[in-house]
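Here is a short briefing to read alongside the model. Please keep the sequence and the structure open as you go.

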Amino acid sequence: MHARWILPVLLTLAAQRLLGLPGLPAWAADPLLPAVWIVAAALRSRERPWPLAALLIGLALDIVQEPVVGPGGIAWSAAALALNGLAGVVADRSAKAWAGFGATAGALVTLVHHLAVLPLGLGSSLSAAQVLRTAVFTGAWCGLVGLVFALDLPQRWRTLRARRLR
Amino acid sequence: MVAVSRSLVLRTLLVWAALETAAAWQVRTADGSPLVLSWLRALLEPVSWVAGRGGELAGDVGRGAGDLRRVVVENRLLRLELEALRARDLLLSEDLAAQRELRLLARDSALFSATAIAARCIFRDLPAGTMEVRTATEVQVRRDAPAVTSGGLVGRVVRSEGRRHWLQLITHQAAAAAVQTPDAEVQGLVLGGGGTLSVAYVPRQARLERETVLLSSGGDGIFPPGIPTARVVRIRETSEPFLEIGAVPAADLQSVRVVLLLPEWSRRGG
(Lines give C-alpha, C1' and ligand atoms only; values in the text may rest on other atoms or scores of the structure.)
Protein backbone atom coordinates (compact mmCIF):
# COMPACT_ATOMS: atom_id res chain seq x y z
CA MET A 1 0.00 0.00 0.00
CA HIS A 2 1.34 3.31 -0.97
CA ALA A 3 1.66 6.02 1.62
CA ARG A 4 -0.71 8.26 -0.26
CA TRP A 5 -3.52 5.83 0.39
CA ILE A 6 -3.10 5.82 4.13
CA LEU A 7 -5.03 9.02 4.73
CA PRO A 8 -8.05 8.02 2.62
CA VAL A 9 -8.12 4.64 4.32
CA LEU A 10 -8.01 6.30 7.70
CA LEU A 11 -10.81 8.56 6.58
CA THR A 12 -12.99 5.61 5.63
CA LEU A 13 -12.21 4.02 8.99
CA ALA A 14 -13.20 7.17 10.77
CA ALA A 15 -16.35 7.37 8.69
CA GLN A 16 -17.14 3.78 9.53
CA ARG A 17 -16.78 4.68 13.18
CA LEU A 18 -18.99 7.70 12.77
CA LEU A 19 -21.71 5.61 11.12
CA GLY A 20 -22.09 3.78 14.38
CA LEU A 21 -22.67 6.86 16.44
CA PRO A 22 -25.83 6.97 18.54
CA GLY A 23 -28.66 8.76 16.86
CA LEU A 24 -27.99 7.51 13.40
CA PRO A 25 -30.27 4.86 11.91
CA ALA A 26 -29.53 1.27 12.83
CA TRP A 27 -28.75 0.34 9.24
CA ALA A 28 -26.21 3.15 8.98
CA ALA A 29 -23.48 0.87 10.33
CA ASP A 30 -24.26 -1.93 7.89
CA PRO A 31 -22.19 -0.79 4.91
CA LEU A 32 -18.52 -1.58 5.21
CA LEU A 33 -16.92 1.53 3.84
CA PRO A 34 -13.31 0.23 3.79
CA ALA A 35 -14.48 -2.56 1.51
CA VAL A 36 -14.01 -0.24 -1.35
CA TRP A 37 -10.25 -0.49 -0.92
CA ILE A 38 -10.10 -4.24 -1.33
CA VAL A 39 -12.55 -4.04 -4.23
CA ALA A 40 -10.39 -1.41 -5.86
CA ALA A 41 -7.28 -3.47 -5.27
CA ALA A 42 -8.94 -6.45 -6.93
CA LEU A 43 -10.42 -4.60 -9.89
CA ARG A 44 -7.78 -2.00 -10.63
CA SER A 45 -4.50 -3.50 -9.55
CA ARG A 46 -2.62 -5.61 -12.06
CA GLU A 47 -0.68 -7.42 -9.39
CA ARG A 48 -2.11 -9.98 -7.07
CA PRO A 49 0.07 -9.75 -3.96
CA TRP A 50 -0.89 -11.25 -0.66
CA PRO A 51 -3.51 -8.82 0.73
CA LEU A 52 -1.49 -7.29 3.52
CA ALA A 53 -3.39 -4.06 3.12
CA ALA A 54 -6.68 -5.84 3.74
CA LEU A 55 -5.18 -7.44 6.80
CA LEU A 56 -4.14 -4.08 8.15
CA ILE A 57 -7.55 -2.62 7.39
CA GLY A 58 -9.22 -5.43 9.26
CA LEU A 59 -6.95 -5.02 12.26
CA ALA A 60 -7.54 -1.30 12.22
CA LEU A 61 -11.29 -1.87 12.17
CA ASP A 62 -10.88 -4.26 15.10
CA ILE A 63 -9.04 -1.55 16.99
CA VAL A 64 -11.70 0.99 16.14
CA GLN A 65 -14.86 -0.94 16.89
CA GLU A 66 -14.31 -4.52 18.02
CA PRO A 67 -13.65 -5.92 21.51
CA VAL A 68 -10.68 -7.99 20.34
CA VAL A 69 -8.07 -7.45 17.66
CA GLY A 70 -7.48 -10.28 15.20
CA PRO A 71 -10.72 -11.64 13.71
CA GLY A 72 -11.04 -8.54 11.53
CA GLY A 73 -7.64 -9.23 10.00
CA ILE A 74 -8.72 -12.74 9.17
CA ALA A 75 -12.05 -11.66 7.71
CA TRP A 76 -10.71 -8.85 5.61
CA SER A 77 -7.72 -10.77 4.28
CA ALA A 78 -10.02 -13.71 3.43
CA ALA A 79 -12.37 -11.38 1.59
CA ALA A 80 -9.46 -9.77 -0.25
CA LEU A 81 -8.13 -13.18 -1.29
CA ALA A 82 -11.57 -14.18 -2.53
CA LEU A 83 -11.94 -10.96 -4.50
CA ASN A 84 -8.49 -11.38 -6.02
CA GLY A 85 -9.48 -14.81 -7.20
CA LEU A 86 -12.82 -13.55 -8.44
CA ALA A 87 -11.15 -10.74 -10.34
CA GLY A 88 -9.12 -13.30 -12.21
CA VAL A 89 -12.25 -14.85 -13.72
CA VAL A 90 -14.47 -11.79 -14.08
CA ALA A 91 -13.49 -9.46 -16.89
CA ASP A 92 -16.10 -6.82 -16.15
CA ARG A 93 -14.71 -3.65 -14.53
CA SER A 94 -17.89 -1.57 -14.71
CA ALA A 95 -19.78 -0.06 -11.82
CA LYS A 96 -21.92 -3.16 -11.68
CA ALA A 97 -18.78 -5.22 -11.13
CA TRP A 98 -17.79 -2.86 -8.35
CA ALA A 99 -21.20 -3.32 -6.78
CA GLY A 100 -21.05 -7.08 -7.09
CA PHE A 101 -17.54 -7.25 -5.68
CA GLY A 102 -18.56 -4.94 -2.88
CA ALA A 103 -21.56 -7.10 -2.01
CA THR A 104 -19.36 -10.17 -2.06
CA ALA A 105 -16.79 -8.46 0.14
CA GLY A 106 -19.46 -7.35 2.60
CA ALA A 107 -20.97 -10.81 2.87
CA LEU A 108 -17.60 -12.51 3.17
CA VAL A 109 -16.25 -10.14 5.77
CA THR A 110 -19.38 -10.52 7.88
CA LEU A 111 -19.44 -14.29 7.62
CA VAL A 112 -15.72 -14.91 8.18
CA HIS A 113 -15.60 -12.41 11.02
CA HIS A 114 -18.45 -14.24 12.68
CA LEU A 115 -16.65 -17.56 12.19
CA ALA A 116 -13.41 -16.15 13.56
CA VAL A 117 -15.16 -14.78 16.64
CA LEU A 118 -17.07 -17.99 17.34
CA PRO A 119 -14.20 -19.85 19.13
CA LEU A 120 -13.58 -16.84 21.34
CA GLY A 121 -16.93 -17.24 23.05
CA LEU A 122 -17.85 -13.59 22.73
CA GLY A 123 -21.49 -14.33 21.97
CA SER A 124 -21.48 -13.08 18.40
CA SER A 125 -24.79 -13.48 16.61
CA LEU A 126 -25.42 -13.46 12.92
CA SER A 127 -28.58 -13.52 10.85
CA ALA A 128 -29.17 -13.88 7.16
CA ALA A 129 -30.88 -10.49 7.12
CA GLN A 130 -27.80 -8.87 8.60
CA VAL A 131 -25.56 -10.50 6.02
CA LEU A 132 -27.94 -9.45 3.28
CA ARG A 133 -28.14 -5.86 4.51
CA THR A 134 -24.39 -5.59 4.79
CA ALA A 135 -23.94 -7.09 1.31
CA VAL A 136 -26.51 -4.77 -0.24
CA PHE A 137 -25.28 -1.58 1.41
CA THR A 138 -21.63 -2.39 0.85
CA GLY A 139 -22.37 -3.30 -2.75
CA ALA A 140 -24.22 -0.04 -3.20
CA TRP A 141 -21.34 1.90 -1.68
CA CYS A 142 -18.75 0.19 -3.85
CA GLY A 143 -21.03 0.53 -6.90
CA LEU A 144 -21.21 4.24 -6.26
CA VAL A 145 -17.47 4.49 -6.10
CA GLY A 146 -17.20 2.40 -9.25
CA LEU A 147 -19.65 4.72 -10.95
CA VAL A 148 -17.50 7.70 -10.01
CA PHE A 149 -14.51 5.94 -11.50
CA ALA A 150 -16.52 5.13 -14.61
CA LEU A 151 -17.62 8.73 -15.01
CA ASP A 152 -13.98 9.80 -14.91
CA LEU A 153 -14.85 13.17 -13.41
CA PRO A 154 -11.36 14.67 -13.69
CA GLN A 155 -11.34 14.05 -17.41
CA ARG A 156 -14.81 15.60 -17.74
CA TRP A 157 -13.67 18.56 -15.66
CA ARG A 158 -10.63 19.08 -17.85
CA THR A 159 -12.79 18.82 -20.96
CA LEU A 160 -15.26 21.31 -19.55
CA ARG A 161 -12.51 23.84 -18.71
CA ALA A 162 -10.93 23.46 -22.11
CA ARG A 163 -14.29 24.18 -23.74
CA ARG A 164 -14.76 27.30 -21.63
CA LEU A 165 -11.29 28.58 -22.44
CA ARG A 166 -12.06 28.36 -26.11
CA MET B 1 -9.00 -18.65 -11.64
CA VAL B 2 -5.80 -17.39 -10.24
CA ALA B 3 -3.47 -20.18 -9.46
CA VAL B 4 -3.03 -20.23 -5.70
CA SER B 5 0.34 -21.50 -4.68
CA ARG B 6 0.73 -23.79 -1.76
CA SER B 7 3.01 -21.37 0.03
CA LEU B 8 0.40 -18.65 -0.22
CA VAL B 9 -2.21 -20.89 1.33
CA LEU B 10 0.12 -21.96 4.10
CA ARG B 11 1.20 -18.39 4.74
CA THR B 12 -2.39 -17.24 4.87
CA LEU B 13 -3.42 -19.99 7.24
CA LEU B 14 -0.43 -19.23 9.44
CA VAL B 15 -1.30 -15.57 9.60
CA TRP B 16 -4.91 -16.35 10.38
CA ALA B 17 -3.90 -18.75 13.11
CA ALA B 18 -1.65 -16.12 14.60
CA LEU B 19 -4.43 -13.55 14.49
CA GLU B 20 -6.92 -15.94 16.08
CA THR B 21 -4.42 -16.77 18.78
CA ALA B 22 -3.80 -13.10 19.40
CA ALA B 23 -7.54 -12.50 19.67
CA ALA B 24 -7.88 -15.43 22.06
CA TRP B 25 -5.08 -13.99 24.18
CA GLN B 26 -7.13 -10.83 24.62
CA VAL B 27 -10.27 -12.66 25.70
CA ARG B 28 -10.44 -13.61 29.37
CA THR B 29 -12.21 -16.61 30.74
CA ALA B 30 -14.32 -16.67 33.87
CA ASP B 31 -11.31 -17.23 36.07
CA GLY B 32 -9.45 -14.30 34.53
CA SER B 33 -6.90 -16.27 32.54
CA PRO B 34 -6.51 -15.74 28.80
CA LEU B 35 -8.72 -17.85 26.60
CA VAL B 36 -5.71 -19.09 24.71
CA LEU B 37 -4.52 -20.81 27.87
CA SER B 38 -7.76 -22.72 28.11
CA TRP B 39 -7.30 -23.65 24.45
CA LEU B 40 -3.83 -24.88 25.28
CA ARG B 41 -5.20 -26.83 28.19
CA ALA B 42 -7.87 -28.28 25.92
CA LEU B 43 -5.19 -29.23 23.42
CA LEU B 44 -2.92 -30.72 26.03
CA GLU B 45 -5.68 -32.51 27.89
CA PRO B 46 -5.87 -35.39 25.37
CA VAL B 47 -2.09 -35.65 25.44
CA SER B 48 -2.04 -35.77 29.22
CA TRP B 49 -4.97 -38.16 29.14
CA VAL B 50 -3.14 -40.40 26.71
CA ALA B 51 0.02 -40.14 28.78
CA GLY B 52 -1.89 -40.99 31.94
CA ARG B 53 -3.62 -43.87 30.26
CA GLY B 54 -0.30 -44.97 28.83
CA GLY B 55 1.19 -44.94 32.31
CA GLU B 56 -1.75 -46.89 33.65
CA LEU B 57 -1.45 -49.29 30.73
CA ALA B 58 2.25 -49.76 31.37
CA GLY B 59 1.50 -50.35 35.04
CA ASP B 60 -1.23 -52.80 34.16
CA VAL B 61 1.06 -54.57 31.73
CA GLY B 62 3.77 -54.72 34.40
CA ARG B 63 1.35 -56.04 36.97
CA GLY B 64 -0.05 -58.46 34.41
CA ALA B 65 3.44 -59.71 33.62
CA GLY B 66 4.14 -60.18 37.33
CA ASP B 67 0.84 -61.94 37.83
CA LEU B 68 1.51 -64.07 34.79
CA ARG B 69 4.91 -65.02 36.13
CA ARG B 70 3.39 -65.92 39.48
CA VAL B 71 0.65 -67.87 37.76
CA VAL B 72 3.20 -69.75 35.68
CA VAL B 73 5.23 -70.61 38.76
CA GLU B 74 2.10 -71.57 40.65
CA ASN B 75 0.93 -73.62 37.71
CA ARG B 76 4.26 -75.41 37.61
CA LEU B 77 4.04 -76.14 41.33
CA LEU B 78 0.48 -77.32 40.92
CA ARG B 79 1.56 -79.59 38.10
CA LEU B 80 4.27 -81.05 40.27
CA GLU B 81 1.81 -81.47 43.09
CA LEU B 82 -0.64 -83.08 40.70
CA GLU B 83 2.01 -85.47 39.48
CA ALA B 84 2.87 -86.31 43.08
CA LEU B 85 -0.79 -86.88 43.86
CA ARG B 86 -1.18 -89.08 40.82
CA ALA B 87 1.86 -91.08 41.84
CA ARG B 88 0.48 -91.32 45.36
CA ASP B 89 -2.87 -92.35 43.93
CA LEU B 90 -1.16 -95.07 41.92
CA LEU B 91 0.67 -96.24 44.99
CA LEU B 92 -2.51 -96.21 47.03
CA SER B 93 -4.34 -98.11 44.29
CA GLU B 94 -1.50 -100.57 44.22
CA ASP B 95 -1.62 -100.88 48.00
CA LEU B 96 -5.36 -101.35 47.89
CA ALA B 97 -5.04 -104.08 45.26
CA ALA B 98 -2.37 -105.71 47.38
CA GLN B 99 -4.64 -105.57 50.40
CA ARG B 100 -7.44 -107.22 48.42
CA GLU B 101 -5.06 -109.86 47.20
CA LEU B 102 -3.85 -110.47 50.71
CA ARG B 103 -7.42 -110.79 51.93
CA LEU B 104 -8.15 -113.34 49.21
CA LEU B 105 -4.98 -115.13 50.13
CA ALA B 106 -5.95 -115.20 53.80
CA ARG B 107 -9.42 -116.42 52.96
CA ASP B 108 -8.57 -119.06 50.40
CA SER B 109 -5.18 -120.36 51.41
CA ALA B 110 -5.15 -123.16 53.95
CA LEU B 111 -1.51 -122.36 54.56
CA PHE B 112 -2.28 -118.94 56.00
CA SER B 113 -1.45 -119.34 59.63
CA ALA B 114 0.04 -117.40 62.48
CA THR B 115 3.53 -118.29 61.34
CA ALA B 116 2.98 -117.26 57.74
CA ILE B 117 4.48 -113.94 56.74
CA ALA B 118 2.82 -111.70 54.17
CA ALA B 119 5.25 -109.87 51.95
CA ARG B 120 4.78 -107.28 49.30
CA CYS B 121 6.33 -107.81 45.89
CA ILE B 122 8.41 -104.78 44.98
CA PHE B 123 10.46 -106.11 42.09
CA ARG B 124 10.51 -109.15 39.84
CA ASP B 125 12.55 -110.19 36.87
CA LEU B 126 10.55 -112.90 35.16
CA PRO B 127 13.11 -113.85 32.48
CA ALA B 128 15.72 -114.22 35.18
CA GLY B 129 13.24 -115.91 37.49
CA THR B 130 13.85 -113.74 40.55
CA MET B 131 11.64 -111.61 42.73
CA GLU B 132 12.22 -109.24 45.62
CA VAL B 133 9.57 -108.97 48.30
CA ARG B 134 9.40 -106.80 51.37
CA THR B 135 7.79 -107.56 54.71
CA ALA B 136 6.18 -105.02 57.01
CA THR B 137 8.73 -105.64 59.76
CA GLU B 138 12.24 -106.91 59.88
CA VAL B 139 12.17 -110.65 60.02
CA GLN B 140 14.68 -113.33 59.24
CA VAL B 141 13.21 -115.89 56.89
CA ARG B 142 15.07 -119.12 56.56
CA ARG B 143 16.49 -120.08 53.21
CA ASP B 144 14.27 -122.33 51.03
CA ALA B 145 11.13 -121.17 52.79
CA PRO B 146 8.26 -121.58 50.29
CA ALA B 147 6.50 -118.58 48.85
CA VAL B 148 2.93 -118.96 47.70
CA THR B 149 0.14 -116.76 46.51
CA SER B 150 -3.60 -117.19 46.07
CA GLY B 151 -3.00 -118.53 42.57
CA GLY B 152 -0.42 -121.10 43.54
CA LEU B 153 3.24 -121.70 44.12
CA VAL B 154 5.61 -118.78 43.53
CA GLY B 155 9.04 -120.01 44.52
CA ARG B 156 11.38 -120.20 47.48
CA VAL B 157 13.44 -117.79 49.53
CA VAL B 158 17.10 -117.68 48.59
CA ARG B 159 18.14 -114.69 50.66
CA SER B 160 16.67 -112.73 53.56
CA GLU B 161 17.92 -109.47 54.96
CA GLY B 162 15.86 -107.29 57.25
CA ARG B 163 12.66 -106.42 55.49
CA ARG B 164 13.95 -107.42 52.09
CA HIS B 165 13.75 -110.99 50.85
CA TRP B 166 14.77 -112.45 47.50
CA LEU B 167 12.89 -115.31 45.93
CA GLN B 168 13.84 -117.84 43.32
CA LEU B 169 10.72 -118.28 41.18
CA ILE B 170 9.67 -121.66 39.99
CA THR B 171 10.45 -120.45 36.48
CA HIS B 172 14.12 -119.98 37.39
CA GLN B 173 16.51 -122.05 35.30
CA ALA B 174 17.67 -123.92 38.40
CA ALA B 175 14.25 -124.29 40.04
CA ALA B 176 12.49 -127.58 40.41
CA ALA B 177 9.37 -128.71 42.21
CA ALA B 178 7.82 -132.12 42.63
CA VAL B 179 4.26 -132.18 41.32
CA GLN B 180 1.44 -134.56 40.76
CA THR B 181 -1.99 -134.59 39.30
CA PRO B 182 -4.86 -133.90 41.69
CA ASP B 183 -5.67 -137.59 41.76
CA ALA B 184 -1.99 -138.33 42.48
CA GLU B 185 -1.83 -140.89 39.64
CA VAL B 186 0.76 -139.02 37.64
CA GLN B 187 3.82 -137.54 39.22
CA GLY B 188 6.62 -135.52 37.77
CA LEU B 189 9.10 -132.77 38.28
CA VAL B 190 8.45 -129.18 37.22
CA LEU B 191 11.58 -127.54 35.94
CA GLY B 192 12.07 -123.86 35.35
CA GLY B 193 12.98 -122.69 31.88
CA GLY B 194 13.39 -118.95 32.07
CA GLY B 195 9.76 -117.88 31.97
CA THR B 196 8.23 -121.22 31.00
CA LEU B 197 8.02 -124.53 32.71
CA SER B 198 8.51 -128.09 31.66
CA VAL B 199 7.34 -131.20 33.41
CA ALA B 200 9.87 -133.99 33.41
CA TYR B 201 9.81 -137.65 34.22
CA VAL B 202 6.21 -138.29 33.26
CA PRO B 203 5.97 -141.74 31.68
CA ARG B 204 4.64 -142.06 28.17
CA GLN B 205 1.75 -144.19 29.28
CA ALA B 206 0.59 -141.62 31.84
CA ARG B 207 -2.90 -140.25 31.30
CA LEU B 208 -2.44 -136.53 31.23
CA GLU B 209 -4.40 -133.87 29.43
CA ARG B 210 -3.81 -130.29 28.62
CA GLU B 211 -5.08 -127.65 31.08
CA THR B 212 -4.49 -130.08 33.90
CA VAL B 213 -3.32 -128.23 36.97
CA LEU B 214 -0.45 -129.97 38.67
CA LEU B 215 -0.19 -129.65 42.41
CA SER B 216 2.92 -129.74 44.46
CA SER B 217 3.43 -133.19 45.91
CA GLY B 218 5.88 -132.27 48.67
CA GLY B 219 8.28 -134.88 47.44
CA ASP B 220 11.05 -132.32 47.00
CA GLY B 221 11.10 -131.55 50.69
CA ILE B 222 10.85 -127.80 50.00
CA PHE B 223 7.32 -127.01 48.95
CA PRO B 224 4.26 -128.10 50.89
CA PRO B 225 1.93 -130.50 49.08
CA GLY B 226 -1.36 -129.56 47.48
CA ILE B 227 -0.36 -126.17 46.13
CA PRO B 228 -1.24 -125.50 42.49
CA THR B 229 2.10 -125.25 40.76
CA ALA B 230 1.76 -125.55 37.02
CA ARG B 231 -0.88 -125.83 34.31
CA VAL B 232 -0.16 -128.15 31.40
CA VAL B 233 -0.30 -126.39 28.05
CA ARG B 234 1.52 -128.79 25.73
CA ILE B 235 2.04 -132.58 25.70
CA ARG B 236 4.18 -134.31 23.14
CA GLU B 237 5.33 -137.85 22.75
CA THR B 238 8.89 -138.43 21.64
CA SER B 239 11.19 -141.37 21.25
CA GLU B 240 12.24 -140.87 24.83
CA PRO B 241 10.55 -142.90 27.55
CA PHE B 242 9.02 -139.75 29.06
CA LEU B 243 6.51 -137.30 27.69
CA GLU B 244 7.66 -133.84 26.70
CA ILE B 245 5.28 -131.57 28.62
CA GLY B 246 5.16 -127.81 28.56
CA ALA B 247 3.43 -125.85 31.34
CA VAL B 248 2.95 -122.39 32.74
CA PRO B 249 2.95 -121.36 36.39
CA ALA B 250 -0.43 -121.72 38.07
CA ALA B 251 0.11 -118.39 39.80
CA ASP B 252 0.13 -115.24 37.72
CA LEU B 253 3.68 -114.19 38.38
CA GLN B 254 3.31 -111.10 36.26
CA SER B 255 0.68 -109.44 38.42
CA VAL B 256 1.32 -110.96 41.81
CA ARG B 257 1.50 -108.28 44.50
CA VAL B 258 1.45 -110.18 47.73
CA VAL B 259 3.09 -113.48 48.58
CA LEU B 260 2.94 -115.59 51.64
CA LEU B 261 6.23 -116.78 53.06
CA LEU B 262 6.04 -120.01 55.00
CA PRO B 263 9.25 -120.15 57.06
CA GLU B 264 7.88 -122.61 59.60
CA TRP B 265 6.73 -125.23 57.13
CA SER B 266 8.78 -128.37 56.94
CA ARG B 267 8.11 -131.75 55.60
CA ARG B 268 8.20 -133.23 58.95
CA GLY B 269 6.21 -130.52 60.68
CA GLY B 270 3.70 -130.34 57.82
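Predicted model: local features only at pLDDT ≥ 70, side-chain atom pairs only at ≥ 80, totals over all residues.

- On one side, strand 3 of chain B pairs with strand 4 of chain B in the antiparallel sense, over four bridges. A hairpin with two residues leads from strand 3 to strand 4 of chain B.
- Strand 3 of chain B also has an antiparallel pairing with strand 12 of chain B (residues 258–261), this one over two bridges.
- Val148(B) takes part in both pairings: it stands opposite Leu153(B) in strand 4 of chain B, and opposite Leu260(B) in strand 12 of chain B.

**Strand 4 and strand 5**

- Strand 4 of chain B spans residues 152–161 and pairs with strand 5 of chain B over six bridges, again in the antiparallel sense.
- Within this pairing, Val157(B) has Leu167(B) in strand 5 of chain B as its bridge partner.
- Two residues lie between the strands in the hairpin of strands 4 and 5 of chain B, where Gly162(B) adopts a positive phi near 65 degrees.
- Strand 4 of chain B is mostly covered, as seven of its ten residues are buried.

**The barrel as a whole**

- These strands belong to a closed barrel of six strands in chain B, which runs 1-2-5-4-3-12 with antiparallel pairing.
- On average, neighbouring strands of this sheet are turned by 40 degrees against each other, direction ignored.

**A buried loop residue, Ile170(B)**

- Where does Ile170(B) sit? Its place is in the loop between strand 5 (164–169) and strand 6 (176–180) of chain B.
- Ile170(B) counts as buried because its relative accessible area is 3%, and the cut-off for buried is under 20%.
- Leaving out residues up to four places away in sequence, the contacts of Ile170(B) include Leu153(B), Val154(B) and Gly155(B). Others among them are Ala175(B), Leu191(B), Gly192(B), Leu197(B), Thr229(B) and Pro249(B).
- Between the C-alpha atoms of Ile170(B) and Leu262(B) there are 16 Å, with the two residues 92 apart along the chain.

**The second largest pocket**

- The second largest pocket holds about 640 Å³ of space.
- It is lined by 26 residues, and the closest to its centre are Leu32(A), Gln65(A), Glu66(A), His113(A) and Gln130(A).
- Helix 1 (6–18), helix 3 (52–65), helix 4 (71–89), helix 5 (95–117) and helix 6 (128–151) of chain A each give two or more residues to the lining.
- Which helix gives the most to this lining? Helix 5 of chain A does, with five residues.
- By class, the lining is made up of nine nonpolar, 13 polar and four charged residues.

Note on methods
Residues numbered from 1 in each chain as written. Chains lettered and ligands numbered in written order. Heavy atoms only, no water. Buried < 20%, exposed > 50% of the residue type's maximum accessible area, 1.4 Å probe, protein only. Contact = heavy atoms within 4.5 Å. Pairing = 2+ DSSP bridges. Axes fitted to C-alpha atoms, helices over the stretch in contact; angles between N-to-C directions. 1 Å grid on protein atoms, 1.4 Å probe; cavity = no way out; pocket = protein on both sides within 12 Å on 5 of 7 lines; lining within 4 Å. Points joined across faces, edges and corners; volume = space filled by probe spheres on them. Nonpolar A, V, L, I, M, F, W, Y, C, P; charged D, E, K, R; others polar.
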